[in-house]
Amino acid sequence: MKVVGICGSPRKGNTEWMLRKLLEEVAKSGADTELVLLRELAIKGCDGCLSCDIGGAERKGRCRIQDDMQRIYPKLLEADAWALGTPVYFELLSGMLKNFMDRTCPIWPKLEGKPVVGLAVAEEGIGKAIENLKTYSSLCGMQWVGWVTALAKTPKQASRDKELEKRLERLAGKLVNTLKAR
Ligand SMILES: Cc1cc2nc3c(=O)[nH]c(=O)nc-3n(C[C@H](O)[C@H](O)[C@H](O)COP(=O)(O)O)c2cc1C
């Protein structure tokens, strides 16, 4: 069992802490976990060429942009489940996470049925961020397992919230049970 977390925050802050907590809890079940910090990777924006989709058999399912995303594709496909984490920016998901999502265009048909959970953190209002994560997951045919939101502004604020820790533990348990039931 392998669960990969994808962190869409450009800073070492609340989203990263939430993902680490969730993965730590998932790992207690014996699952392998890995956290992908998008901020540490060079991932260019999708250029819309659609050659991953219509470029013929030799291109289909591959992205022509040679950057760190190429290293990530195999991990994303191998993982039994994903955890998507985003800070809330203007009541939406972060551009960093959206950029990543756009670059999954070559693999999205292969994500069908993969369980996924969503985490979002905002200073005062989550807005549409969880809906954004749900919409992406649903378009990819993934199995939406659940979500946790938090309110925090400064980078270490979420880590002091004991009740949030419990909610993350519960979501991790739900994800593990979903994987075990498959
Ligand atoms: C560009 C930008 C836009 C933001 N927009 C919102 C917002 O619409 N609503 C909100 O409550 N917080 C907003 N925030 C605050 C962040 O969501 C908050 O600081 C959060 O803790 C960041 O998560 P992180 O520590 O994982 O980066 C915004 C922050 C930035 C930098």
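A nitrogen atom of the ligand lies 2.9 Å from a polar backbone atom of Phe90, a polar contact (a pair of N or O atoms within 3.5 Å). The model is predicted, so local features need pLDDT of at least 70 and side-chain atom pairs count only at pLDDT 80 or more, while totals for chains, interfaces and linings use all residues. Residues are numbered from 1 along each chain as its sequence is written, and side-chain values use heavy atoms, without hydrogens and water.

- A backbone N or O atom of Glu124 lies 2.6 Å from an oxygen atom of the ligand.
- A polar side-chain atom of Arg11 is 2.8 Å from a ligand oxygen atom.
- On its own the ligand has 640 Å² of accessible area (Shrake-Rupley method, 1.4 Å probe), and the protein covers 77% of that area.

**Shell around the ligand**
- The shell has 17 residues, of which Ser9, Thr15, Val88, Glu124 and Ala152 come nearest; a residue is near if one of its heavy atoms lies within 4 Å.
- Seven shell residues are nonpolar, five polar and five charged.
- Helix H1 (14–27) and strand E4 (115–122) each give two or more residues to the shell; helices (H or I, at least four residues) and strands (E, at least two) are DSSP runs numbered from the N terminus.

**Helix H1**
- Eleven of the 14 residues of H1 are buried, meaning under 20% relative accessible area (1.4 Å probe, protein chains only).
- Among the buried residues of H1 are Thr15, Trp17 and Leu22.
- Their cover includes strand E1 (2–7), strand E5 (143–151) and helix H6 (162–180).

Notes:
Polar contact = N/O pair within 3.5 Å; in protein donor to acceptor, adjacent residues only side chain to side chain. Nonpolar A, V, L, I, M, F, W, Y, C, P; charged D, E, K, R; others polar. Buried < 20%, exposed > 50% of the residue type's maximum accessible area, 1.4 Å probe, protein only. Contact = heavy atoms within 4.5 Å.
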